[in-house]
Amino acid sequence: MSPARRAQAVLASEWIKLRSLRSLPVTLLVAAVFCITLAALVCSNYATHWNDVSASDRATFDPLTVNFGFLRIGVLFFGVLGALVVTSEYGNGLIRTTFAATPQRVLVLAAKAVLLGALALAASAVVCLAAFFVGQGLLSGHVPTVHIGDPGVLGHVLGAVAYLTGTGLCGVFLGALARSTAVAMTSVFALFLMLPVMVDQLPHTGLWRHTVPYLPSNVGESMWHAHTADLVTAGPAWALLAVWVVGLGTLAALVLRRRDA
């Protein structure tokens, strides 16, 4: 079989398994409801209590940052979803059959990543655009708002979509490294939620400035946040997110080739 036909067959096989994953539609639905609802609640709260906001807070108010604050937690859904795509097969033992049918393990991992990446890209685009239009609609008429055509706004929206998609891919590779749903989910929580909170409390020394801004969560924040003091700018952040995804993917591929199923 030619490499192209083998890749096509693996993609078709992995697509069937991805569609049969019971947690897939549930996780996507919960992620969409949570993210859009949280964006709506935060924006609605600002619109209702705008008269109570102090002058200093009004001066620094950014409608896009308020609107997209849900990303700090919503990103976990996409990371966990990516991990489940791999760990579910280890959990039910199907991974042995998969590798017996397709000894090219890296090809299997690549197929999973391609399919999950496409799915996460579509889902995150729907979530981010829906949250943006719902949030700005609730703010409109009460507080300052932004429009999708305003300078820089579309770039931040696309950055949010890319961040969620990249997190899903990181979840796939963390799942391949962990091979356990519990360990993979813990890794996603630690990398994207707990670690940034912990290190943000540390003094912003030279060591902090040369390490913390490059964490994936802070790289993602640079892509969707309008004000990123002490972090990298949006342009390098796109490249750094790609480095994280490729780096984890390379490590997962190397480990997958050396370990037994």
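**Salt bridges, a helix pair and a nonpolar patch**

Glu-221 comes out as buried, since its relative accessible area is 16% (buried is under 20%, exposed over 50%, partly exposed in between, with a 1.4 Å probe and protein chains only). The model is a predicted one, with pLDDT of at least 70 needed for local features and 80 or more for side-chain atom pairs, while totals for chains, interfaces and linings use all residues. Numbering starts from 1 along each chain as its sequence is written, and side-chain values use heavy atoms, leaving out hydrogens and water.

Glu-221 pairs up with Arg-72 in a salt bridge, the closest N and O atoms sitting 2.7 Å apart (the criterion is a Lys or Arg side-chain nitrogen within 4 Å of an Asp or Glu carboxyl oxygen). Glu-221 belongs to helix α11 (residues 216–224) and Arg-72 to helix α5, so this pair ties together parts 149 residues apart in sequence. Helices here are DSSP runs of H or I with at least four residues, numbered from the N terminus. Arg-72 itself is partly exposed, at 38% relative accessibility.

Searching the whole structure turns up 5 salt bridges. Glu-14, Lys-17, Glu-89 and Lys-112 are joined in a network of them. Within it, Lys-112 meets Glu-14 at 2.7 Å, N to O; Lys-112 is in helix α7 and Glu-14 in helix α1 (residues 3–19), so the contact ties together parts 98 residues apart in sequence. Glu-89 bridges to Lys-17, with 3.2 Å between the closest N and O atoms, and that pair links helix α5 to helix α1 across 72 residues. As for burial, Lys-112 counts as buried at 5% relative accessibility, Glu-14 is buried at 4%, Glu-89 is buried at 4%, and Lys-17 counts as buried at 19%.

Now for how α5 and α7 pack. The axes of α5 (residues 71–92) and α7 come within 11 Å and cross at roughly 150 degrees (axes are lines fitted to C-alpha atoms, for helices over the stretch in contact, with angles from 0 to 180 degrees between N-to-C directions). That makes the two helices roughly antiparallel, a label given to angles over 145 degrees.

Leu-129, Phe-133, Ile-148, Leu-154, Leu-158 and Trp-238 make a nonpolar surface patch of about 540 Å² (patch residues have over 30% relative accessible area and no salt bridge, with nonpolar side chains joined within 5 Å and like charges within 9 Å). Two or more of the patch residues come from each of α7 (105–139) and α8 (153–178). Leu-129, found in α7, counts as partly exposed at 35% relative accessibility.

Methods:
Areas by Shrake-Rupley, 256 points an atom, 1.4 Å probe, with all protein chains shown as cover. Parallel < 35°, antiparallel > 145°, perpendicular 65-115°, else oblique.
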